[in-house]
Amino acid sequence: MSESTSAGSGASYASAGVDIEAGDRAVELMKEWVKKTQRPEVLGGLGGFAGLFDASALKRYERPLLASATDGVGTKVDIARQMGVYDTIGHDLVAMVMDDIVVCGAEPLFMTDYICVGKVHPERVAAIVKGIAEGCVLAGCALVGGETAEHPGLLGPDDFDVAGAGTGVVEHDRLLGADRIRTGDAVIAMASSGLHSNGYSLVRHVVFDRAGMTLDQRVEELGRTLGEELLEPTKIYSLDCLALTRTTDVHAYSHITGGGLAANLARVIPDDLHATVDRSTWTPGAIFDLVGKAGQVERLELEKTLNMGVGMMAVVPADSVDAALTTLADRGVEAWVAGEITERGAHTTGAELVGDYAK
């Protein structure tokens, strides 16, 4: 380096594109929302190096099993970016993580998040965390910490991505799964709030590249703009599922995410049994029909990519159906009997869809 280089002209974090002060302001703005998620087991506040959760709360369990999951929301974040709406994408993140955890019967305990941005806009980051915090309240878990990373040069100034990890707990003898399922069990479907947070690479390709639609375009069959439909938050079922396990002998849950209904349901079906789901028991929302027609997407392709109107499924004994449907109805969850469990034949798979959708 030349000795004539003037003082103050050297490289700095700020000149490289990282604004530490903006990051500090974002933390201050998000604190009020994080406080709303606190459970009595959480120690300390936001700003430490690690989130603390008092594990002595688990002493009431005979044999506690910790359940963990991690996920993101995929390319749905690009819809949020284009619309300039940042306070709903956090609901999606919590749903994708905590609804995976509740599938085994676990109570969500706490969550951490990771937000990666090209440039820290404090109000924008705070809005994202606001959505995550609101989602945590809906899932009954605490948001104990996270990380906001600024990646200039790797991401554009308005680009961002989110990810999260969560932990829950379930008593060993209350663990749900394939070993509980029996022949004659009923499959109960719970309605989704829309596309949820998977399949957006296909959806974006269809509506933007093939159909030439715009986010501000009002679509009559949707009853709102395309952007509003695509940004509809993923439904969070965690507390509904926990309520159902308290009132009903639930054998298993299946969270319908990437891979579609049949593939996700098959993950909890024993090798010797088979789940049949009857399409005629429900009508998929208008967005699924729109994507199928606009992209000339075959039904099987839609079904292995999108949830087709079902976000969660429960497998319960046949004599528990009425109680299960009553519990879900009391909680405002649209649900119905969609199928049954039978013995697996020589040419059947773990789960399949049969019939045609109701009109």
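Analyst: Let's start with two strands. Strand β11 (residues 273-278) pairs with β14 in the parallel sense, over four bridges. Pairing takes at least two DSSP bridges between two strands. Strands are DSSP runs of E with at least two residues, helices are runs of H or I with at least four, and both are numbered from the N terminus.

User: Before we go on, what sort of model is this?

Analyst: It is a predicted model: local features need pLDDT of at least 70, side-chain atom pairs count only at pLDDT 80 or more, and totals for chains, interfaces and linings use all residues. Residues are numbered from 1 along each chain as its sequence is written, and side-chain values use heavy atoms, with hydrogens and water left out.

User: Fine. Which residue stands opposite A275 in β14?

Analyst: A351 does. A351 belongs to the covered face of strand β14 (residues 351-354), along with L353. E352 and V354 are on the uncovered face.

User: What sheet are β11 and β14 part of?

Analyst: An open sheet of six strands. The order is β10-β12-β7-β13-β11-β14, and the pairing is mixed. β10 (252-255) and β14 are the edge strands. Each has a single partner strand, so one side of each has no neighbour in the sheet.

User: How much are neighbouring strands of this sheet turned against each other?

Analyst: By 25° on average, direction ignored. Such angles are taken between axes, which are lines fitted to C-alpha atoms (for helices, over the stretch in contact), and run from 0 to 180 degrees between N-to-C directions.

User: How does β10 pair with β12?

Analyst: In the antiparallel sense, over four bridges, with β12 covering residues 310-316. For one of the residues, A252, the bridge partner in β12 is V315. Helix α7 (residues 238-247) packs on this sheet. α7 touches β7 (186-191), β10 and β12, and its direction makes about 165° with that of β10. Touching here is contact, meaning heavy atoms within 4.5 Å.

User: New topic. What is the order of the four strands in the other open sheet?

Analyst: β3-β6-β4-β5, again with mixed pairing. Neighbouring strands here are turned by 15° on average, direction ignored.

User: How many bridges join β4 to β6?

Analyst: 10 bridges. β4 (residues 107-117) and β6 (residues 160-171) run antiparallel. I115 has V162 of β6 as its bridge partner.

User: Now helices. At what angle do α5 and α9 cross?

Analyst: Roughly 60°. The axes of α5 (residues 200-210) and α9 (residues 286-294) come within 9 Å. The two are therefore oblique to each other. On that scale, under 35 degrees is roughly parallel, over 145 roughly antiparallel, 65 to 115 roughly perpendicular, and the rest oblique.

User: Which residues make the contact?

Analyst: V203, V206, V207 and R210 from α5, and L290, V291 and A294 from α9. By class, that is six nonpolar, no polar and one charged residues. Nonpolar means Ala, Val, Leu, Ile, Met, Phe, Trp, Tyr, Cys and Pro; charged means Asp, Glu, Lys and Arg; the others, Gly among them, are polar.

User: Which residues of α9 are buried?

Analyst: I287, F288, L290, V291 and G292. Buried means under 20% relative accessible area, exposed is over 50%, and partly exposed lies in between (1.4 Å probe, protein chains only). The cover over the buried residues of α9 includes α5, β8 (218-219), α6 (226-230) and α10 (299-303). After α9 comes Q296, with a positive phi near 50°.

User: And G260, is that buried or exposed?

Analyst: Its relative accessibility is 0%, so G260 counts as buried. G260 is in helix α8 (residues 260-266). Setting aside neighbours within four places in sequence, G260 is in contact with E303, K304 and L306. G260 and E301 are 41 residues apart in sequence but 9.3 Å apart in space, C-alpha to C-alpha.

User: Where is E41 found?

Analyst: In the loop between α1 (20-35) and β1 (42-43). E41 has 12% relative accessibility, so E41 counts as buried. Beyond neighbours within four places in sequence, E41 is in contact with L52, F53, D54 and A57.

User: Last one. How many helices and strands does the protein have?

Analyst: 11 helices and 14 strands. Buried residues make up 50% of the 359 residues.
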